[in-house]
Amino acid sequence: TCPAGETFAPAHKLSQVRHLVAVMSGKGGVGKSSVSALLATTLSRQGCRVGILDADITGPSIPKLFGIKERVEGSEFGVYIPKSPKLGIYVMSANLFLEREDDPVIWRGPIISNVIRQFWTDVAWGKLDYLIVDLPPGTGDAPLTVMQSLPLDGVIIVSSPQDLAVMVVRKAIRMVAEMKVPILGLVENMTYVTCGKCGQKIFAFGEPQGEKVAAETGVPLLSTLPIDPELSRLGDEGRIEDYTPTGLEELASTLEDRFKS
Ligand code: ADP
């Protein structure tokens, strides 16, 4: 097994990041990137200075969600960081270095790990209250790199009812625990859809599992988000910043306190 937490890479000398929070999921498609983006917009609306480090190097979706099309180039002073159009959230992603946004990134694990580390060490993030790290799905090489080489304050695990097979979430929870990184809690996404006519909640993917998993694992359920076609539409249009309320307002306003407990 890997020695956990031994070599924290120092941040760029122009970075003063107060809290580094990673967003993780057991598998893809549960809404991890959407939750990362919404957590960032919610914190930003509450007055925090926020950035997103897109550690999903081979499947980056953060620039698209925010409609960021600029390309960046590195220099010996670090790299220029694009900002989201509305709230000015700083975003660093492998996609911002590609000539075309649909160019594939075909790199092996060690190179991917290096790029993730460089996003922390070589990017002048400036003064941030929160840097949100959008991890790739699962418990593979890249999440391992982030947990070993970035000084994370905590991890938020995103799941959906159909994915929230206790086993998958337990794997994620156990990995984080083994890495000795604090787990802030779970966000259950796509838990229900609200009927447009009568307002009734329809549990499209079966019974919500969040409470059960929270009780079984002792990891708190932080928020439960509905399926909302509006979120998906705004994400597709690169306007995720326009999605309000996000359902993460309470989580965002209590996040600071959670680092203390
Ligand atoms: P992941 O990062 O886990 O792969 P994404 O955030 O990319 O997942 O979401 C996958 C797809 O599901 C996207 O098209 C996104 O717009 C959609 N989606 C995510 N959460 C919701 C939600 N709560 N309601 C409706 N669509 C959602």
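**Aromatic pairs, sheet and cores of the predicted model**

Three aromatic pairs are counted, where rings of Phe, Tyr and Trp (its six-membered ring) pair if their centres lie within 6.5 Å, and planes under 30 degrees apart count as stacked, over 60 as edge-to-face and the rest as tilted. The model is predicted, so local features need pLDDT of at least 70 and side-chain atom pairs count only at pLDDT 80 or more, while totals for chains, interfaces and linings use all residues. Residues are numbered from 1 along each chain as its sequence is written, and side-chain values use heavy atoms, with hydrogens and water left out.

One of the pairs, Y130 with F259, is tilted, with 6.3 Å centre to centre and 35 degrees between the planes. Y130 belongs to strand β6 and F259 to helix α8 (residues 249-260), so the pair ties together parts that are 129 residues apart in sequence; helices (H or I, at least four residues) and strands (E, at least two) are DSSP runs, numbered from the N terminus. Y130 has 2% relative accessibility and counts as buried, the classes being buried under 20% relative accessible area, exposed over 50% and partly exposed in between (1.4 Å probe, protein chains only).

Y192 and F203 form an edge-to-face pair, 6.3 Å centre to centre with 70 degrees between the planes. Y192 lies in the loop between β8 and β9 (193-194), and F203 in the loop between β10 (201-202) and α6 (210-217), 11 residues apart. Y192 is buried at a relative accessible area of 13%, whereas F203, at 36%, is partly exposed. The charged end of K201 also sits over the ring of Y192, 4.4 Å from its centre (NZ of Lys or CZ of Arg within 6 Å of the ring centre and within 35 degrees of the ring normal).

Seven strands make up an open, parallel sheet in the order β5-β2-β6-β1-β7-β8-β11, strands being paired if DSSP finds at least two bridges between them. β5 (90-92) and β11 (221-224) stand at the edges with a single partner strand each, so one side of each is left without a neighbour in the sheet. Strands β7 (residues 154-159) and β8 (residues 183-188) run parallel and are joined by five bridges; I157 has L186 as its bridge partner in β8.

The largest nonpolar core has 42 residues, and M24, L53, W125, V133, M147 and L152 have the most contacts inside it; such a core is a set of buried Ala, Val, Leu, Ile, Met, Phe, Trp, Tyr and Cys residues joined through side-chain atoms within 4.5 Å. Helix α5 gives the most to this core, with six residues.
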